[in-house]
Amino acid sequence: MAAVAASVAGRPPIISLRGVTKVYGAGATMFQALKGVDLDIAEGDFVAVMGPSGSGKSTTMNILGCLDVPSGGSFTFRGQHIELLSRDQRALVRRRYLGFVFQGFNLLARTTALENVELPLLYRGEDRKARRDLGMAALDKVGLANWWDHTPAELSGGQQQRVAIARAIVTNPDVLLADEPTGNLDSERSVEIMELLTDLNRNSNITVLMVTHEPDMAAFARTIVHFKDGLVERIDQGHRSGAKVEA
Amino acid sequence: MLGTTFILAIRSIRRHLLRSFLTTLGIVIGVAAVVAMVTLGKATTVSVQQSVASLGTNVLQIRPGQGFGRGGGGPRPPDFKQSDVDAVARQVAGVKAVAPQAQATGTAIYEGSNWSTTINGTTLSFLDVQPWPLQSGRYFTPTEEAAGKLVCILGNTVYQNLYRGGEAVGTRMRIAGISCDVIGVLTARGQGGFGDQDDTVIMPIKAVQRRFSGNRDIRLMLVGVDSAYATSTVQASIEDLLRERRNITGGKSDDFNIFDTKQISDTLTGITTALTGVVTAVAAISLVVGGIGIMNIMLVSVTERTREIGIRLAIGAVAREVLMQFLVEAIVLSMLGGLIGLLIAQLVVVGLSPALKVDYLFDPQINLIAFAISGLIGVVFGYFPARRAASLNPIDALRHE
Ligand SMILES: Nc1ncnc2c1ncn2[C@@H]1O[C@H](COP(=O)(O)OP(=O)(O)OP(=O)(O)O)[C@@H](O)[C@H]1O
Ligand SMILES: [Mg+2]
C-alpha cells in the first residue's frame, strides 16, 4: 500500500524511509501518528508534503530532520541509518547536512540578521571572517544584504522568513526542510518565498522538502507527497518546478 | 569550542544587560561586603597592633587603683613614691629600666598660639624602657634631671600646633603659666587606639613635681622588661614586691594594677578578629544568597529561552554546547559580578578608612579568594540550569511559546 517515489535519473535516493512508525505517549493516551511510511526522496528534488491536519506531516518532517527518532522502521540518509545514531550524532548530521525553516521563523530576538545567519557557522567552528563573508553571501542570496544589522523586531514577516532561509542555507546544506514556511505570510510574500526556494533548489542544488496546506504553494514543487492518517497516500510527480511563476 | 561558547555567552549577556545586571547584583554586593569587611577588619587589627606596639613591647604599665572602670567607692589608693621605683628597678629580676611618671595638664602658649596638653615628668630611663628618637634638639642631661630644671621636650602634636613647622629648639614657651626652655622635639609616634601619644610635653620629673603637681607622687611607672624574661614572671614578681611595700596582706586584692601591653595587644587583636569574623560571616551569607539569585535567574532564563535553545539544537548544537553556553554564561556573569564587587570593596575601604582611623590596606589574598569564590558560585549555581537547558527535546523546545 506504500507508495515509493521513483529516483531521478536512477540515482540512489538521498533520503529513504521504510516502514517508519511513530507512536506518541503510552497506555491509554498512546497515539500512533505514523503507521508505516515508505518514502524515497531523490537528490535535487523539490518535494511538497500535503495532507489533512493530523495526518503526520510534521511528525515525518521531524524524523527526516533528525530532530526526532522513529518508533519503528528505518530511515537512511545517504545510506546511513539515522535511527541507530545517538542524540549528539544526530545533532552533527543536522549541523553538516540539513537546514531548517519553520513556520514561526524562529529567529533569535534582539539579534541582528547577520548574527542569526552566522549562528550555524559558529557551531561549525568557522572563524570570524568566514562567518561574516558566508553570512553576508547568504543574506545577499535572499535579497537582504542591506538589512544585515536589523533585529527581527525591525523586519517584516516575509523578511524574517528570508533571514531564516539564509540561516538554513548558510552552511550549504544538502537538504532544506521547511514546515509550513509560508503559513504565517500573505500570498504575495508566500510567492516570494517559494520563488526563493525554487531558486535555491535549481541553482544551489539543494534538495527541498516542504510541508504546505496551500495547493498554490505546492505547485512550485516537482513532487507532491500526499499524507493521510499516518501514511503516504499518493505521490504526484512531474510537476514543473516554477510553473506558477509565469501564471 | 570554548571560544565559540565564550562568544555566545558574552553576546547573550550583552543582549540582556538589565537581566544580567540584576542576576549578578547579589554577587556584586556579596563580594563587596566580604572583601570590604575582611580588609577593614585586617586594617583595624594592624592599627591596633601598631598603636599597642607604639606603647612599647615588653613594657609593663603600673598604676595605683584597680584598673579600668572599677575605681568607684572607697578612698583613692596612694600614688607611688620614688622608693617604690627604686625597689622595682633594683629588686626584681628581669627589669631593664623603670621610668616614673608624674602628670599634669596645662595649656602651652607660644607667640599667640596655645594648645592644651599633658605634661609628663619622667627620668632619662624612659628612653631605656622604650626608645623615642628626637626630630631635633636634645634630651635633658642627667644634671638637668637631677636639678629639676624647667626644660621641655615637645611631642610632635604640640610642636605642630604651637610652632607650625617653625624652629622650636632654643625658644621659650609658657605652659600652665610657667616658662620653660624648649630643648627638643620628638618624632611622631602616630595616632593610636589609646589617644594621641604625641600630644605631650616631656620634662624632668622633679620639675613637674615641684612646679605643677606640688607633691612627690608618682602616678605611673613604666617598666622595661628584659626580653630574655617572660613578662608574666616579671609581672608576678613586681606584684609581690608592691603588695609587700603597700602592706596588702592575705586575701585582700591589689590596690594597683599592672598592664602588660602585649597582653592588651593580644586581647584587642582577639576582639577585632572575632568581630571581623562575625561581620564576614554575615557578608558571606549574602554571597550565598547572591549565588542562589544567579541560579534562580538562570533557571527563569532557561524557561524564557526555551525556544532559543530549541533553535540552537535544531541548527546542530549538541547538548554539551548548550550546557557549556549556559554554564559559561553563569560563570562569566558571576565573575564579572565578583570583579565589580572587588572594585566597590576598594572604594568602600578607601572611603571608610579615615572614619575608622585606619590606614588603607590592600589585601591581595582576600581579593583573590573572593574572586575565585565568585567563579565557583557561577559553576555551582549555573550547572543545574545549564543541564536543564541541555536536556531539552528540540521539538518541544521549538514549540514552546
Ligand atoms: N508530541 C506529541 N505527543 C502526542 N501526540 C502528538 C505529538 N506530536 C504530534 N502528535 C499527534 O500526532 C498526530 C500527527 O501530528 P503532526 O503534527 O505530524 O500532524 P500534521 O500533519 O503536521 O498536522 P498539521 O497540518 O495540523 O500541522 C496528531 O494527531 C498529533 O496530535
Ligand atoms: Mg504540522
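Is Asp229(A) buried or exposed? Asp229(A) is exposed, with a relative accessible area of 54%; the legends below walk through this residue and several other spots. This is a predicted model, in which local features need pLDDT of at least 70, side-chain atom pairs count only at pLDDT 80 or more, and totals for chains, interfaces and linings use all residues. Residues are numbered from 1 along each chain as its sequence is written, chains are lettered from A and ligands numbered from 1 in the order in which they are written, and side-chain values use heavy atoms, with hydrogens and water left out.

**View 1. Chain A as a whole.** Welcome to chain A, with its eight helices and 10 strands (DSSP runs numbered from the N terminus: helices are H or I with at least four residues, strands are E with at least two). Of its 247 residues, 56% are buried (buried means under 20% relative accessible area, exposed over 50%, partly exposed in between, with a 1.4 Å probe and protein chains only). Taking contacts between residues at least 6 apart in sequence, 70% join residues at least 24 apart; a contact means heavy atoms within 4.5 Å. The chain exposes about 10,500 Å², and carbon and sulfur atoms supply 48% of that area (Shrake-Rupley method, 1.4 Å probe; for residues, only the protein chains shown count as cover).

**View 2. Positive phi at Cys66(A) and Asp229(A).** Most residues other than glycine have a negative phi, and here are two to look at. Cys66(A) has a positive phi of about 60° and sits in the loop between helix H1 (57–64) and strand E4 (72–77) of chain A. Its relative accessibility is 1%, so Cys66(A) counts as buried. Asp229(A) has a phi near 50° and belongs to the loop between strand E9 (223–228) and strand E10 (231–236) of chain A.

**View 3. Aromatic pairs in chains A and B.** The whole structure holds four aromatic pairs over all chains (rings of Phe, Tyr and Trp, the last by its six-membered ring, pair if their centres lie within 6.5 Å; planes under 30 degrees apart are stacked, over 60 edge-to-face, and the rest tilted). One of them joins Phe100(A) and Phe102(A), stacked at 5.8 Å centre to centre with 0° between the planes. Phe100(A) is buried at 7% relative accessibility, and Phe102(A) is buried at 13%. In chain B, the ring centres of Tyr159(B) and Tyr163(B) are 6.0 Å apart and their planes lie at 20°, so this pair is stacked too. Both tyrosines lie in helix H6 (residues 156–163) of chain B, four residues apart, about one turn of the helix.

**View 4. Arginines over tryptophan rings.** In chain A, Arg132(A) lies over the face of Trp148(A), 5.3 Å from the ring centre. In chain B, Arg189(B) lies over the face of Trp132(B), at 3.8 Å from the ring centre. A charge sits over a ring if NZ of Lys or CZ of Arg is within 6 Å of the ring centre and within 35 degrees of the ring normal.

**View 5. The surroundings of Gln209(B).** Gln209(B) belongs to helix H7 (residues 205–213) of chain B and is buried, with a relative accessible area of 6%. Its side chain reaches the backbone oxygen of Asp217(B) at 3.5 Å. Leaving out residues up to four places away in sequence, Gln209(B) touches Ala102(B), Gly214(B), Asn215(B), Arg216(B), Asp217(B) and Ile218(B).

Key. Polar contact = N/O pair within 3.5 Å; in protein donor to acceptor, adjacent residues only side chain to side chain.
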